[in-house]
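Student: I have a model on the screen and want to learn how to read its interfaces. Where do we start?

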Amino acid sequence: MIKFKSRFESSWADPKTMHILPTGEWRFQRPVIKAEKCCQCGWCYIFCPVGCIEDRGTYFEANLDYCKGCSICAKVCPVDAIRMVREEIR
Amino acid sequence: MPKIKAETKVLEGNAAVAYGAMLCRPDVIAAFPITPATSVLEYLYSFSAQGLLDAELIEVEGENSALSAVMGASAAGARTFTATSSMGLAFMFDVYLAVSGSRLPVVMPLAMREQPMPMTLAAGTSDAFTVKDGGWIQIYVESCQEILDSLIMAYRLAEDTDILLPVNICYLGFYLSYLSQRVEIPSQEEVDAFLAPLKKMERTKLCLEEPMTFPAEIAPADPVFAEYRYKHCAALGRAKQKLDEIDKAFGAAFGRSYGGQIEQYRTEDAEIILVTMESTTGTARVVVDSKRDEGLKVGLIKIRLFRPFPREKLIEALKGKKAIGVIDRHVSFGWDCGQCFIELKALLSDLEAPVPLVGFIDGMGGADITKEHLERAVDMIDAAAKGKPVKETTWLALE
């Protein structure tokens, strides 16, 4: 008896069964935030083209599964709390 | 909206397609004109203008868009219809694969025409056979009446929850698309009643109330890809039995049936068998009759369902026969024989005793498969049955 993974007959997915692909794999640099410097203006959240900035309560941070390393958040940050760091080969 | 009444008319094949489609009440129709399927569209637009057809008609700029529009509509739960031929089919090839892989019950008749080059506007089955492994159900039909009836059966088959696969009704372009025959048109009430069981059947649909991703991309190496292919094959396997059941139900409702997967003609006591598809079968029936008068025990099998291949039915039908011959209206490049020949060759090992199989290629580029050609073919099958050496494939028009 074969145990199926999906309840669908074809590549359909509802929010529960969605197979999520990390799209930030090919990033060459990442945003690193100084949490204590963050003024919570939310500009990085608004300007992020992939919408990967998450609200951590007292500061904002990029979800690195999806961040493509474009550095727009670092450019728009009014208090220079975000710094771009080169990705190392893992 | 005036209701279609049952009546008998003289219709060309494309009109039979249009009547069949109209009677099934599609929600969305998107197609692009291509010879020899163009008049299907002309009839449908005319029905719409007369107020007989209540469907969304989308004017598209090509076949790729036609099938794409139909695919989207079908994913949203609409009953859809489109028709094409030859180069039109080639132009929609990427969507053709996407529709079947998405398990959408699209019904698309194919007016079969040669796939250029060499450039021609002529009958041939190379377009439909080129896409035989595209994951669609393919039903090959013989007459204008069979086109109309098979279309109604196609919706019952495609939209069944156990199946959910797109269907091609393949009829020979020119010969059948423009041939006028007596066709009995069933009434709208009768067709509505025949398709009524589909109303209770559920399928996944794109809608705002229940958000879904479609098509959801599968990560590389995720085994769910194989799972979907497995389910697709299983559904194709179920379609064989289902077509037989639908054919029986159609016979009970309308008084006409076609044998389901295969149709047999004078095969019961036959020693040798001629295998045909599509409208070549008409001439073959005449040849079988005349050869029977000469005392030759020949029978005819018409393969209606080519995808999925009616393996079990053919094994049963070919049991104890002494030789088999098959006519193909196309060639499989690199094999020097037709696709149907290859499929039967694969089937031979399933038979109890080894049986000689003889292949014939004829009727390419709109040429006639004549009575004389078929008589020659039957004589060669007879010679093979008697153990005489016979060429594996004969191009009847050239050799």
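Student: How many residue pairs are in polar contact between chain A and chain B?

Tutor: This is a predicted model. Between chain A and chain B, eleven residue pairs are in polar contact, counting pairs with both residues at pLDDT 80 or more. The side of chain A that touches chain B has eight nonpolar, four polar and four charged residues.

Student: What is the count of salt bridges between chain A and chain B?

Tutor: Two. A:Lys5 pairs with B:Asp222 in a salt bridge, with the closest N and O atoms 2.6 Å apart.

Student: How do I read the size of an interface?

Tutor: Interface size is often given as the accessible area lost when the parts come together. Here, chain A and chain B bury about 1900 Å² between them. Carbon and sulfur atoms give 61% of that area. In chain A, the residues that lose the most area to chain B are A:Glu9, A:Ser11 and A:Trp12, together 38% of what that side buries.

Student: Which domains is chain B divided into?

Tutor: Domain 1 (7–254) and domain 2 (264–398). The area buried between these two domains of chain B is about 2200 Å², and carbon and sulfur atoms give 54%. On the domain 1 side, B:Phe129, B:Glu142 and B:Lys240 supply 28% of the buried area, more than any other three residues.

Student: How many salt bridges are there between domain 1 and domain 2 of chain B?

Tutor: Eight. In one salt bridge, B:Arg285 meets B:Glu142, the closest N and O atoms being 2.7 Å apart. Helix 9 of chain B gives the most to the side of domain 1 that touches domain 2, with six residues.

Technical notes:
Residues numbered from 1 in each chain as written. Chains lettered and ligands numbered in written order. Predicted model: local features only at pLDDT ≥ 70, side-chain atom pairs only at ≥ 80, totals over all residues. Heavy atoms only, no water. Buried area = accessible area lost by both parts, 1.4 Å probe. Salt bridge = Lys/Arg side-chain N within 4 Å of Asp/Glu carboxyl O. Polar contact = N/O pair within 3.5 Å; in protein donor to acceptor, adjacent residues only side chain to side chain. Nonpolar A, V, L, I, M, F, W, Y, C, P; charged D, E, K, R; others polar. Domains from an automatic or database assignment. Helix = DSSP H or I, 4+ residues; strand = E, 2+ residues; numbered from the N terminus.
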